[in-house]
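Subject: Handing over a structure

Dear colleague,

I am passing this structure on to you, and below it you will find my notes on what came out of it. Please read them with the model open beside you.

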Amino acid sequence: MKKFVIISVVLLLLAAGAFGFALYRYMQVNDMFSAKEPAPTEAVAEKTDENTKSTEAKAVKTDTDASADATNVFAANIDKASAYASDLTTEEMVGQLILGVCADPTTIPSEINKYSLAGMLFESSNFQAMSKEEISGVTQTASAQAKIKPILAAQEEGGTYTTFSDLPAFTEYDFNSPRTEFDAGGLQAVEKAEEDKTTMLKSIGINLNLAPSLDLASSSDQMMYSRSISDDADTVSTYAEYVAKFNQAKGVSAALKHFPGYGTVPDSADTGVGAVTDDRDAETIRSKDYTPFKKGVAAGAHVVMVSNVLVKNIDSAHTAALSPTIHSELRGTVGFTGVIMTDVLDGADYSAYAEGNKPVVQAVLAGNDLILV
């Protein structure tokens with residue numbers, strides 16, 4: 001009986017996660033963003049009538065610091081997404097929880113359809129010998145042939161972490177790391193780089209960028225130093241707001257990462273052998289590291305990526321991606337109503353933090369809508 005209950009709960013959670021992603025995908029299919037939108041949440045608020053407002057109020061659950069009248073970032077399409085998800089099989093709903101890392105771009109449509117995947121994350125190795133036109137052909141084919149319109153994602157941060165800009169097909173782009181851009185030209189330089197990244201990604205059919213990194217790092221011996229822009233929460237908050245608004249108005253969703261923040265985790269930490277630990281005071285993390293995420297969420301960010309860090313003084317039993325407590329704070333304290341996704345979940349062994357479950361199962365139980373593997 002106990003086993004039956006557990007299986008039933010897991011299936012319900014899988015269905016709930018698939019519903020969230022069906023919502024996300026419906027948004028992408030209908031290309032609901034335009035440059036005129038100041039932010040999705042603002043645009044939705046302006047268009048609602050009294051009946052729609054009532055539906056939205058029931059759909060959004062907030063607590064602690066979250067605004068009581070917060071609007072679901074996908075509120076405009078909840079009913080349509082619900083109808084869309086009702087036509088999916090159980091297997092399709094499970095598949096919609098998974099974002100795979102692309103191994104071979106020529107097999108993307110067949111892989112997505114075979115497993116009903118939510119989509120693919122591309123790597124630079126997928127396209128080394130391709131022209132810009134050939135790369136666009138890959139994404140167009142994937143979108144056209146997939147039964148469920150896919151998420152086509154990149155990790156275009158700049159510096160070491162790029163998907164396209166360092167390829168021979170994109171010689172006009174050479175994005176520095178966010179820290180380098182900021183040190184050279186402040187926020188204006190960082191924002192200009194983000195605009196160019198978004199324009200490039202949109203031109204080749206990418207609809208989700210796993211960026212920006214909102215980690216607050218102050219020293220070069222900290223893991224996220226080059227990938228962040230500053231340790232000043234207000235500066236990074238301005239950055240988060242700008243990226244969420246600009247990217248999504250152009251049709252490329254932003255993924256704020258790596259919640260709740262890597263903080264002072266040293267660069268020497270080896271993430272390939274298991275979880276790294278953040279042992280800072282919980283109140284410091286909540287009052288400082290959460291701040292940029294709150295700003296990006298308020299600007300309408302569609303996605304938040306949760307890290308694989310063990311945040312010792314918030315939840316010592318689970319890594320962040322596997323932690324119900326961390327997800328509760330992201331939904332409640334931060335007020336996020338969009339898609340929560342994991343960082344890469346099979347790059348190390350996190351089974352010690354999964355309550356006896358497989359890490360991917362614990363990730364769903366914790367509250368993730370999308371599993372990156």
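What is the order of the strands in the open sheet, and is the pairing parallel or antiparallel? The order of this open sheet of 8 strands is 9-7-5-4-3-2-1-10, and the pairing is parallel. The edges are formed by strand 9 (339-342) and strand 10 (371-372), each of which pairs on one side only. Here two strands pair if DSSP finds at least two bridges between them, and helices (H or I, at least four residues) and strands (E, at least two) are DSSP runs numbered from the N terminus.

Before going further, please keep in mind that this is a predicted model, in which local features need pLDDT of at least 70 and side-chain atom pairs count only at pLDDT 80 or more, while totals for chains, interfaces and linings use all residues. Residues are numbered from 1 along each chain as its sequence is written, and side-chain values use heavy atoms, with hydrogens and water left out.

The overall picture

The secondary structure of the protein comes to 12 helices and 10 strands. Of its 373 residues, 53% are buried, where buried means under 20% relative accessible area, exposed means over 50%, and partly exposed lies in between (1.4 Å probe, protein chains only). Among the contacts in the protein with a separation of 6 or more, 73% are between residues 24 or more positions apart, a contact being heavy atoms within 4.5 Å.

Inside the sheet

With strand 5 (253-259) it runs parallel, joined by 3 bridges, and A255 stands opposite V303 of strand 7. With strand 9, strand 7 pairs in the parallel sense over 4 bridges, and there the bridge partner of V303 is V339. In a regular strand the side chains alternate between the two faces of the sheet. In strand 7, V303 and M305 point one way and V304 and V306 the other way, and all are buried. Elsewhere in the sheet, strand 2 (residues 119-121) and strand 3 (residues 151-154) run parallel and are joined by 3 bridges, with M120 opposite L152 in strand 3.

Two helices in contact

Helix 8 (residues 178-203) and helix 9 (residues 233-249) pack at an angle of about 15 degrees, with their axes 9 Å apart; axes are lines fitted to C-alpha atoms, for helices over the stretch in contact, and angles run from 0 to 180 degrees between N-to-C directions. Helix 8 and helix 9 are therefore roughly parallel to each other, given that angles under 35 degrees count as roughly parallel, over 145 as roughly antiparallel, 65 to 115 as roughly perpendicular and the rest as oblique. The contact is made by residues including F182, L187 and V190 of helix 8 and Y239, Y242 and F246 of helix 9. The residues of this contact divide into 8 nonpolar, 4 polar and 3 charged, with Ala, Val, Leu, Ile, Met, Phe, Trp, Tyr, Cys and Pro counted as nonpolar, Asp, Glu, Lys and Arg as charged, and the others, Gly among them, as polar.

Backbone points to check

Most residues other than glycine have a negative phi, and most peptide bonds are trans. P212 is placed in the loop between strand 4 (208-209) and helix 9, whereas P260 is found in the loop between strand 5 and strand 6 (277-278).

S116, although not a glycine, has a positive phi of about 55 degrees, and its place is in the loop between helix 6 (108-115) and strand 2. At 14% relative accessibility, S116 counts as buried. E355, also not a glycine, has a positive phi of about 55 degrees and lies in the loop between strand 9 and helix 12, but at 54% relative accessibility E355 counts as exposed.

In helix 12 (residues 359-366), P359, Q362, A363, V364 and A366 are buried, and just after this helix G367 takes a positive phi of about 130 degrees.
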